[in-house]
Amino acid sequence: MHSLNINIGPDDPLAIEIRNKYFGSAEILSVPITNQLAVGHCYTNVQDWVSRNGGSSVYGWLLSVWPGQFVEATHHAVWRTPDGDLEDITAHAYPAMTGEFSTFIIDPHTRIRTGGEEPVVLTKYLQLSELKETTEFIHSMRTAIRAKEEFHEYVTSFPIIRHENGRPVRRIPNTHKRQYDVNNSKMVNKDRQANDARIRLIAACK
């Protein structure tokens with residue numbers, strides 16, 4: 001079951017409020033959506049696109065809002081064309097986020113390390129509601145993303161032995177397979193808990 005996030009305009013007072021909370025005076029941009037490449041792979045989508053079409057990757061934050069509950073800033077990558085224009089070429093994760101533009105804040109300061117996999121960066125929230133389900137959802141999402149961060153750091157410490165479908169396959173030594181399974185299980189469980197919290201919040205909003 002998907003979150004109920006929708007687009008938020010760059011001039012929306014809530015977009016300005018979350019910008020002020022986390023990003024100082026950074027400009028809030030309206031970036032045209034020009035493709036619908038794979039959800040959840042914005043970094044590699046843009047890297048692959050740059051390798052074929054030129055230009056560069058631009059990192060920053062994609063803004064959305066779950067009306068009445070929170071504003072969300074998700075770390076994201078867009079494409080800077082060889083002519084200097086910005087385009088969002090990755091499909092949005094939330095089905096209700098329709099429209100022709102993404103609301104985006106460029107952030108040259110947050111450091112990411114792909115290591116061949118999609119990096120994981122903690123999502124930022126501006127909570128609007130005092131519902132306990134909202135608080136629990138935001139907490140569970142942060143916990144799930146931290147578990148993904150830990151797993152990403154662990155996995156990328158092992159060597160890449162080949163690529164399949166453009167994605168790296170790593171050699172996990174036998175001596176580390178038990179720890180690998182433990183870390184993977186923790187990540188999966190935290191993600192499941194976050195999804196359960198999402199379902200509870202959707203029910204509370206009805």
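**Exercise 1. Work out how helix 3 and helix 4 are arranged relative to each other.**

*Step 1.* Two packed helices are described by the angle between their axes and the distance between the axes. In this predicted model, the axes of helix 3 (residues 132-155) and helix 4 (residues 177-205) cross at roughly 160° and come within 8 Å. Axes here are lines fitted to C-alpha atoms, for helices over the stretch in contact, with angles running from 0 to 180 degrees between N-to-C directions. Helices (H or I, at least four residues) and strands (E, at least two) are DSSP runs, numbered from the N terminus.

*Step 2.* Angles over 145 degrees count as roughly antiparallel, so helix 3 and helix 4 are roughly antiparallel to each other.

*Step 3.* The crossing of helix 3 and helix 4 is left-handed (the near helix is turned anticlockwise from the far one by less than a right angle).

A note on conventions: residues are numbered from 1 along each chain as its sequence is written. Local features need pLDDT of at least 70, side-chain atom pairs count only at pLDDT 80 or more, totals for chains, interfaces and linings use all residues, and side-chain values use heavy atoms, with hydrogens and water left out.

**Exercise 2. Find the residues that touch the most other members of the largest nonpolar core.**

*Step 1.* A nonpolar core is a set of buried Ala, Val, Leu, Ile, Met, Phe, Trp, Tyr and Cys residues joined through side-chain atoms within 4.5 Å. Buried means under 20% relative accessible area, exposed over 50%, partly exposed in between (1.4 Å probe, protein chains only).

*Step 2.* The largest core has 20 residues, and Ile8, Ile18, Leu63, Val71 and Ala73 touch the most other members. At least two residues of this core come from each of helix 1 (13-22), helix 2 (42-53), strand 3 (56-66) and strand 4 (70-80).

*Step 3.* A second, separate core of twelve residues includes Trp66, Tyr125, Ile138 and Ile202.

**Exercise 3. Decide whether Phe70, Gly84 and Asn174 are buried, partly exposed or exposed.**

*Step 1.* Phe70 lies in strand 4 and is buried, with a relative accessible area of 0%. Leaving aside neighbours within four places in sequence, Phe70 is in contact (heavy atoms within 4.5 Å) with residues including Tyr125, Phe137, Ile138 and Leu201.

*Step 2.* Gly84 sits in the loop between strand 4 and strand 5 (86-90). Gly84 counts as partly exposed because its relative accessibility is 35%.

*Step 3.* Asn174, in the loop between strand 9 (167-170) and helix 4, is exposed, with a relative accessible area of 64%.

Conventions: Parallel < 35°, antiparallel > 145°, perpendicular 65-115°, else oblique.
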